[in-house]
Amino acid sequence: MALTGMQIYKSLPRTNCKDCGLPTCMAFAMQVASKQRALTDCPHLDETAKDSLSEASAPPMRLVKIGPPENTFEFGQETVMFRHEEKFHRNCGLAVRLPSALSDAEAARRVERIKNIVFERVGKYLKIALCAVELDGIPDPVARIRLVTQKTNMPLILISENPAVLENCLKIEELKSARPLLYKADEKNIEACAELAARYSVPLVVTAAALEILADLTKQAAAKGAADLVLGFQTDNVKDTLKRITLARRAALKKNFRALGYPAIVEIKAQSAYDETVLASLFAAKYAGIIILDNLEPWEVVPVLTLIEDVYTDPQVPNMVEAKLYKIGEPDENSPVLFTTNFSLTYFSLAGEVERSKVPAFISVVETEGLGVLNAYAGDKISVEKIVKTLDDQQVKGLVKHNKLIIPGLLPFYRAEIEDTSEWKEVLIGPETAREVPGFLSRVWK
Ligand code: SF4
C-alpha cells in the first residue's frame, strides 16, 4: 500500500536543508507520497531508510542505468507528463548507430567521430551519449565489440535479435562492468533475452506492436528476473508511435501501471537525414529517454541536442552563473574591464565574444537573480550602487592600472553616475549586443 506523506517524513533526515529544491522535508515527503518526486532526490537519505521506503514509495517509472561506472547514462524515473508541472529529471540521450555493413576500419573511424562530437552551448558541453552497435550480419560480432571498447568507454547498446549473439558479447572481459543495453526482445525471443538480462544484470529493451502485448512482455521479463527494462518504439508510423509512447507514459505516471513503468527508447526510421532530425526532435520532446540515430553531421545533431537542453532545463531554477570576476584569456593591468549580469546566456554570449576578440579581459558579473541586462534594469535588480559595490567586492581596481570601465550599451544612462560615484572615471559605453564586442574592442581598446 502507498505510504502517506507523514510516514515518509518520519524516515527523512528532517534537517530542512533544501538540497532537494524544496523548502522543507515535509514538503519533500508530500511530493514523494504523491509520486511527484523520487526518494533519490534527497541526497541525505541513509541506506536503511532508502531500503524501507523504496518499495512502497517507488516512483512510477523505473530508473535505468547503462554503461560503466565511470561513464554511466541514466534515464527514467520521470514523474510528470509536462515540464511545467515540475521538471523533467534526466536528459534524453542520443545514440548513434554503428551499422553492421561497415568494415572494421570504417567502424573505427565512425566510433572516433561519435565520441569526439562536442558542442559548447551556454557553458555546457553537448555530446552524443551512447553508441549503438549493430551485431547481426557481422562475421565476428565479438571482434566488433572489442574494436569499439578499445576506442571508447561510452555506454553501449548491443543491437541483435539473436540471444546467442548477445550472450557471446556479454561473456567477454571488456563488457564485464560495461552494463550495455540489450536491444531488443519481442514476442519471439522474450524468454531467452529476459534470462540473459537477468543473468548478466544488464538492462533490456522490450518491443511490441501494441501496448497490451508490450505490458504482457514486460511482466514476463520481470518474472524471469530482468528488472531494468526499457520500452522500445520505432517510427515506421509516427502518429501511432507518438500515441503509444504517450499512452505508456500516462499509464505509468497517472495510473501507476507498473508493467509500463519503464523509460522509453525510440529508434528513428527516416527517409532522409532531414526527416531524421525532425523526428528525433519530436521524440526528444515526447517522451524518449534515448533516441537512436543514423546521422551525425553537426547540422543534424546540434538542433536535437539544443532542443533537449531546452526541454530538460529545470524551469524552477534560474539559468545563471556565479556572480564573480571572470578572466578571459590572461588579462593584465592594461586589460579592459567589462561588467554584465549573471543570466547564463548573457554571460556566456559576452564571454564567447570577448574570447573571439582575442583581447584578454576581466568580466565582472553582477548578481541580478539570473536576469539579463534589460530585465534586470526593468525589474530593479541592478543599479549603479550595486555595480560599484560589486566591482569593489571583487577588488577589480587593484588588478588594473587604468580607470576605464566598459558598460553594456543597453545601460548608457549609468555612465555619468558611475564616473561621479566611483574610481572608474572613464566609462565607455559598449555595444548593445555581444556579437559587436570584438569590433568594439579592436576599435576602442588601444
Ligand atoms: S534534501 Fe532531504 S534532508 Fe534536505 S530538505 Fe530535502 S528532504 Fe529534507
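**View 1. The buried side of helix 6.** In helix 6 (residues 163-170), the residues that count as buried are Pro163, Leu166, Cys169 and Leu170. They take up an arc of only 125 degrees around the axis, so they sit on the same side of helix 6. Their packing partners are helix 5 (141-151), strand 7 (156-159), strand 8 (181-185) and helix 7 (190-200). A few terms for this and later views: buried means 20 or more other C-beta atoms within 10 Å of a residue's own, with C-beta atoms placed from the backbone. Helices (H or I, at least four residues) and strands (E, at least two) are DSSP runs, numbered from the N terminus. The arc is taken over the directions from the helix axis to the C-beta atoms, and a contact is two such atoms, placed from the backbone, within 7 Å.

This is a predicted model: local features need pLDDT of at least 70, side-chain atom pairs count only at pLDDT 80 or more, and totals for chains, interfaces and linings use all residues. Residues are numbered from 1 along each chain as its sequence is written.

**View 2. Helix 12, end to end and face on.** Thr346, Tyr347, Leu350, Ala351, Glu353 and Val354 are the buried residues here. Looking down the axis of helix 12, these fall within an arc of 165 degrees, so they line one face of the helix. Their cover includes strand 13 (325-328), strand 14 (337-341), strand 15 (361-366), helix 13 (373-378) and helix 16 (437-444).

**View 3. Around the ligand.** Which of the 13 residues around the ligand come nearest? Those are Cys17, Cys20, Cys25, Phe28 and Cys42; a residue is near if its C-beta atom, placed from the backbone, lies within 6 Å of the molecule. The shell divides into 8 nonpolar, 3 polar and 2 charged residues. Nonpolar here covers Ala, Val, Leu, Ile, Met, Phe, Trp, Tyr, Cys and Pro, charged covers Asp, Glu, Lys and Arg, and the others, Gly among them, are polar.

**View 4. Domains 2 and 3.** The protein chain is assigned domain 1 (5-54), domain 2 (63-312) and domain 3 (325-444), with bounds from an automatic or database domain assignment. The C-alpha centres of domain 2 and domain 3 are 45 Å apart.

How values were computed: Buried ≥ 20, exposed ≤ 12 C-beta atoms within 10 Å, placed from the backbone.
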